[in-house]
Amino acid sequence: MFNKKLSNYYSIADLRKGAKRRLPKAMFGYLDGFAEDGVCGRRNRSAFEHYQLMPRILVDVEKVDISTSIFGQKLQAPLICAPVALPRLFHHQGEIAAANAAGKSGVIYSLSTLSSVDIETVAQVPGPKWFQLYMYRDKGLVKEFIARAVTSGYQAICLTVDAAIGGNREHDLRNGFSVPPRPSLKAILETAFHPSWCWDYLTKPKITTANVSGDRVAGKGGKTTLLQYVTEQLTPAITWKEVEWLRQQYDGPILIKGVLRPEDAQQAKRLGIEGIVVSNHGGRQLDHAPASIDILPEIIDQVGDSLEVIVDSGIRRGTDVIKAIALGAKACMIGRPYIYGLSVAGQAGVEKALALLKEEITRDMQLLGCASIADLNRSYLWYRR
């Protein structure tokens, strides 16, 4: 049962407003902001408006099936909670709350390499889970992550390839965002207006990159934090050779996250990769990149159903999910929507976010005259430029 305070949240947009109220400015800016001028981030939303829904009439939609399956895993809805770094920045329950909510909602939870709760602890939460991986300079560290994920029962590896360096997020610089937050006078005054978040931050365990031992940065004179260490491990030298290396290390399902070109999707297929995530990283990396939903049809036309194709960036409504599935995606990854819910009310907030989307998908499928997610195709869309 949801918290009473969640009864007045009717959409993901409402949860976003709630998150903005509860979080200090720097934290909300980190969650909600885009790279540079935000062109790509805004386009992620506006692009959905180009695809209009074409309802069929006089169809029996008393019962609607919004379930799907990915890599043989049955899901109650075509939703995947995307990997998000350090969720405990937004609520002290962090990954445990998000994973519990995903499991109860019958959808997949993806744990970030940069999680604030470790691989093994999150694995104990019931429900299907994937592990998101960065290709670090230290291949020994990467092998360690893979082995831990396999041992802990994660069902797929999701390799993120569009964040080998960080995007130019100027709002974070302006807001003085840092991990951990800097104890400046400005930061102290700002957080004072957000007592709930401030109390949790001051009274709960320290937020850190839980998957990396402090032993790895020993001997650096105490000047390098764990977060600095893992950030320094990122390398822009990553190529398809690293994908081939990963394929040799792991025989379970692999997805490549950050694909925006059809030829890259084809190359992933040639290397024996099972899935891709069509994504521009939520507009947080390369500004002026295309909206994921706009490039999705071109990729589907090239690889068809030979890969599990998932799309993220800009998903906020059930109609967004329906449009993505109609264009050929198997499911949608959501990041900000469930983190808004987490920020507002922990696990109950994430459950609320997922319930809102599931309810919208079901209702909109009925209005569309389509009784099953499996029946969605481009005939239900009309494209307007």
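Predicted model: local features only at pLDDT ≥ 70, side-chain atom pairs only at ≥ 80, totals over all residues.
Residues are numbered from 1 along each chain as its sequence is written, and side-chain values use heavy atoms, with hydrogens and water left out.

What is the partner of Y154? The rings of Y154 and F131 have their centres 6.1 Å apart and their planes at 70°, so this pair is edge-to-face; rings of Phe, Tyr and Trp (its six-membered ring) pair if their centres lie within 6.5 Å, and planes under 30 degrees apart count as stacked, over 60 as edge-to-face and the rest as tilted. F131 lies in strand β6, residues 129-133, and Y154 in the loop between α6 (139-152) and β7 (157-160), so the pair ties together parts that are 23 residues apart in sequence. Helices (H or I, at least four residues) and strands (E, at least two) are DSSP runs, numbered from the N terminus. F131 is also buried, with a relative accessible area of 0%, and both residues belong to one aromatic cluster formed by F131, Y134, Y136, F145 and Y154.

By the ring rule, the count comes to ten aromatic pairs. In another of them, the ring centres of Y109 and Y338 are 6.4 Å apart and the planes stand at 80°, so this pair, too, is edge-to-face. Y109 lies in strand β5 (residues 108-111) and Y338 in helix α15 (residues 336-368), so the pair ties together parts that are 229 residues apart in sequence. Y109 and Y338 are both buried.

Turning to the barrel, eight strands close in the order β4-β5-β6-β7-β8-β9-β10-β11, with parallel pairing, and two strands pair if DSSP finds at least two bridges between them. Strand β8 (residues 254-259), for example, pairs with strand β9 (residues 275-278) in the parallel sense over four bridges, and V259 stands opposite V278 in β9.

Finally, for the protein as a whole, there are 15 helices and twelve strands, and 57% of the 385 residues count as buried.

Notes: Buried < 20%, exposed > 50% of the residue type's maximum accessible area, 1.4 Å probe, protein only.
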